[in-house]
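Please look over the sequence and the model shown here before reading on. The notes that follow are meant to be read beside them.

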There are 2 protein chains.
Amino acid sequence: MHTPTAAMLVIGDEILSGRTRDSNMHYLAGALTGHGIALVEARMVSDDHAGIVRHVRELSGAVDHVFTSGGIGPTHDDITAEAVAEAMGVTCGIRDDARAILQAHYNRSGQVLNQARLRMARIPDGASLIDNPISAAPGFTLGNVHVLAGVPTIFETMLASILPTLTGGPPMLSQSLRVERGEGDIAGPLGALAEANPEVSIGSYPFHQNAIHGSHLVVRSQDGAAVDRVMAALRNLFPEAT
Amino acid sequence: MHTPTAAMLVIGDEILSGRTRDSNMHYLAGALTGHGIALVEARMVSDDHAGIVRHVRELSGAVDHVFTSGGIGPTHDDITAEAVAEAMGVTCGIRDDARAILQAHYNRSGQVLNQARLRMARIPDGASLIDNPISAAPGFTLGNVHVLAGVPTIFETMLASILPTLTGGPPMLSQSLRVERGEGDIAGPLGALAEANPEVSIGSYPFHQNAIHGSHLVVRSQDGAAVDRVMAALRNLFPEAT
C-alpha cells in the first residue's frame, strides 16, 4: 500500500532570525508518523510573497500533502493566504463564511470586527475552512495545501481537526536500542545488517552523555515482523544493549 | 553594504520522523544574525543521496553560504560527504590529512581506527577541514558549503571555528515591545507605521498566556537610528506597552 507523503512550510521571519524556535515542525512530524503519512521535507522560509508562492508550488507538486504554519493573522506581515492562492492559481478575498465566523466570535467577546480583523477572513476561492476553536480565525485547505496558524496551540488544534480526514498508509513502526559503545565500534556489523535487511531502515543516532559515548539504534518499517526480526539480530550483535 | 545570505540543510530521517527535535537550525539562526549574515531558508531532508545532491545544488547556487548538519559519522546512514561532493562536482575518498587526525585521536584513546571509523576520513577533493575538538572527526568546507556534525555540541563547536572566518555585513539590530492587546486591535496603526518606514521590518508575534492575548512587536534594521525612531513611534501608539 502506498504511504502518502507530506511536506511542511514554516513561514516566518522570526524563525529564520533566531528569535523564535519553531515547534510545529516537530509536532507535525510525530503526528504524521503516527497517522501513516511520511513527512519527506520541511522548509522554513521568510515572510516574502514571491518566495512563499514558489515554495508552495514546488512542494505541492512533489508530495501528497503540504502543511503550512504561520502568516494568517490580522497584521501587515500576515501574507500566507494570498501567496497560497496565487501559487494554486485562484483569487483570494474576504469570504462570507469566514466573515460570519469572525463576526460571531467578536460579538460574543464584545469586540469589533474591524478592518484588520477582517483580514483573517481572506480565504482563497474554493478552499474549505479549518476550524479554530481557540481564536476563531480559520485555517483552510486548498487543493493539497493545508494552511494552519503559527501559534502552536492553534496549529495543533487545527491539525487535530484535519488529520482524521486524511488517508494514512500503514503506520511506520519503530523500536530502538541503546548501545553504550561508540558508533565506530558498531558501524561495521550494523552496516552489514542494514544491507541484508533492506525492508527495514536502521538509523544510528550517537549521543555523548556523562562521559559515555553511545548510540541509539532505531529500526523502522511498516512490517512489524521485520522490525522484530532485525531487533532480535541487533540484540545478538550487541548483547549489552538496553 | 551587502548582507551575505545563508541557507541551512538539516539532514536526517530522525528529524522528519519526529524522533528527534532539531536544535541546530535555531542555534545557527541566532549565531548568523549576530554575525551579520541573513539566514534566508532552512530545509530538513531525509538520508537520501539523490535528494541531498539536489538540495545542495539548489541552495549553493542561491545563497552565499550553505550550512549542513548531520550524516558525517561512521555508520551506513552517514552519506553527507559523498552527496555534497557529487553536488559540487568533485570526487570523495579517504583523505590522508583527515586519516592522520583520526589516527592520532584513536591512538590517544587506545581505540582502533577500523574500517567504519575510517569512513569519517572521507572528504571531498579540494575541501578544507573543520576542526572537531570533541570527537576528532572533521567537518569540511567545499566551495560555499560548510558541512558540520549533527550532534549539537559538535555542531556548535564547529560553527564557532568557522564563523569568524566568514565576512558578515552590519549586524541586524532589533528591539521589541510587549503589548497586551489582541493583534486585531493594533494591526491597523501597525500596518500604517510599517508602510511609512520601509527601512525597518516590523514583525508582530501574537501570544496567548494566562488568558492574556497580546503581541510582541519586533523592529529590525541594520540602521540603529531607524530602529530607535520607529520604537519611539510604537511607544506613542501603544503607551501601555512594556
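Predicted model: local features only at pLDDT ≥ 70, side-chain atom pairs only at ≥ 80, totals over all residues.

Residues are numbered from 1 along each chain as its sequence is written, and chains are lettered from A and ligands numbered from 1 in the order in which they are written.

**Domains**
- Chain A is assigned domain 1 (5–165) and domain 2 (173–237), the bounds coming from an automatic or database domain assignment.
- The centres of domain 1 of chain A and domain 2 of chain A, taken over C-alpha atoms, are 37 Å apart.

**The sheet**
- An open sheet of 12 strands with mixed pairing runs in the order 6(A)-7(A)-8(A)-3(A)-1(A)-2(A)-2(B)-1(B)-3(B)-8(B)-7(B)-6(B); strands are DSSP runs (E, at least two residues) numbered from the N terminus, as are helices (H or I, at least four), and two strands pair if DSSP finds at least two bridges between them.
- Its edge strands, each pairing on one side only, are strand 6 (128–130) of chain A and strand 6 (128–130) of chain B.
- Strand 2 of chain A and strand 2 of chain B run antiparallel and are joined by 5 bridges, with Met44(A) standing opposite Ala42(B).
- Within chain B, strand 1 (residues 5–11) pairs with strand 3 (residues 65–69) in the parallel sense over 5 bridges, and Ala6(B) stands opposite His65(B) in strand 3 of chain B.

**Contact between the chains**
- In all, 46 residues of chain B are in contact with 45 residues of chain A, contact meaning that the C-beta atoms, placed from the backbone, lie within 7 Å.
- Elements of chain B giving two or more residues to this side include helix 2 (24–35), strand 2 (38–45) and helix 8 (183–196).

**A helix pair in chain B**
- Helix 3 (residues 49–62) of chain B packs against helix 4 (residues 80–88) of chain B at about 50 degrees, with the axes 8 Å apart; axes are lines fitted to C-alpha atoms, for helices over the stretch in contact, and angles run from 0 to 180 degrees between N-to-C directions.
- That angle makes helix 3 of chain B oblique to helix 4 of chain B, a class left over once angles under 35 degrees count as roughly parallel, over 145 as roughly antiparallel and 65 to 115 as roughly perpendicular.
- Among the residues making the contact are Ile52(B) and Val56(B) of helix 3 of chain B and Ala83(B) and Ala87(B) of helix 4 of chain B.

Technical notes:
Contact = placed C-beta atoms within 7 Å.
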